[in-house]
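Thank you all for coming. Please have a look at the sequence and the structure on the screen, and then I will walk you through a few details.

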Amino acid sequence: LQAPDVLSLVLSRERGVWSVPIILAGVLNQCHSAGQTVVLFMSLQDGSGIYGVLRMAGLVPPVPAGMATPLTPEFPVQWLHSCRLGHVVITHLKMPRSNVSLARCEEDTEFGREEGEELMYLTFRKPRWDFTREDAPRPPAPQAAPRDVLFPASWLTRAQQVNTGVLRGSGGSRRR
């Protein structure tokens, strides 16, 4: 999954929550309800790698009736590892639907057990990285979201694009 900036990752880790475009909720809940461990690999929209590994710790809550939002309510996640895994390390991994390198994928997506296990192996070989340190990539200066808001307002536009199919989400991808 993509995060808009490092601040969103920091807040997610501090609060133990995440939120996704509504279109992704069904497949996440289906996997979680089937007793599968749902692992989320976090990248930055403008970053060049994977920055964290999370486990879905509960179902994605449904959007309350009448609420016009492209994102789901926050749901519980458990941060397993934070790292800096450059895309150059994962160029050999391909997306199931398009056969495009995972490193070049610009969408939130779902992939099979084999790719997930390889990503787990690669990420956990990397030392834990504290992306709150000074050398961490920073969002552009004009972030107007309050400190406790997980995503800036511009991220809602991206979520709406995923929900309407302008940007692809993982709803139609294959699972193993």
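Let me begin with H81, which counts as buried because its relative accessibility is 11%, where buried means under 20% relative accessible area, exposed over 50% and partly exposed in between, with a 1.4 Å probe and protein chains only. Before I go on, please keep in mind that this is a predicted model, in which local features need pLDDT of at least 70 and side-chain atom pairs count only at pLDDT 80 or more, while totals for chains, interfaces and linings use all residues. Residues are numbered from 1 along each chain as its sequence is written, and side-chain values use heavy atoms, with hydrogens and water left out.

H81 sits in strand β5, strands being DSSP runs of E of at least two residues, and helices runs of H or I of at least four, numbered from the N terminus. H81 is in contact, meaning heavy atoms within 4.5 Å, with residues including Y51, V53 and T123, leaving aside those up to four places away in sequence.

Y51, one of these neighbours, brings us to the aromatic rings. The structure holds three aromatic pairs, which require ring centres of Phe, Tyr or Trp (its six-membered ring) within 6.5 Å, with planes under 30 degrees apart called stacked, over 60 edge-to-face and the rest tilted. Y51 and W129 form a tilted pair, at 5.6 Å centre to centre and 45° between the planes, and this pair links parts of the chain 78 residues apart. Both Y51 and W129 are buried.
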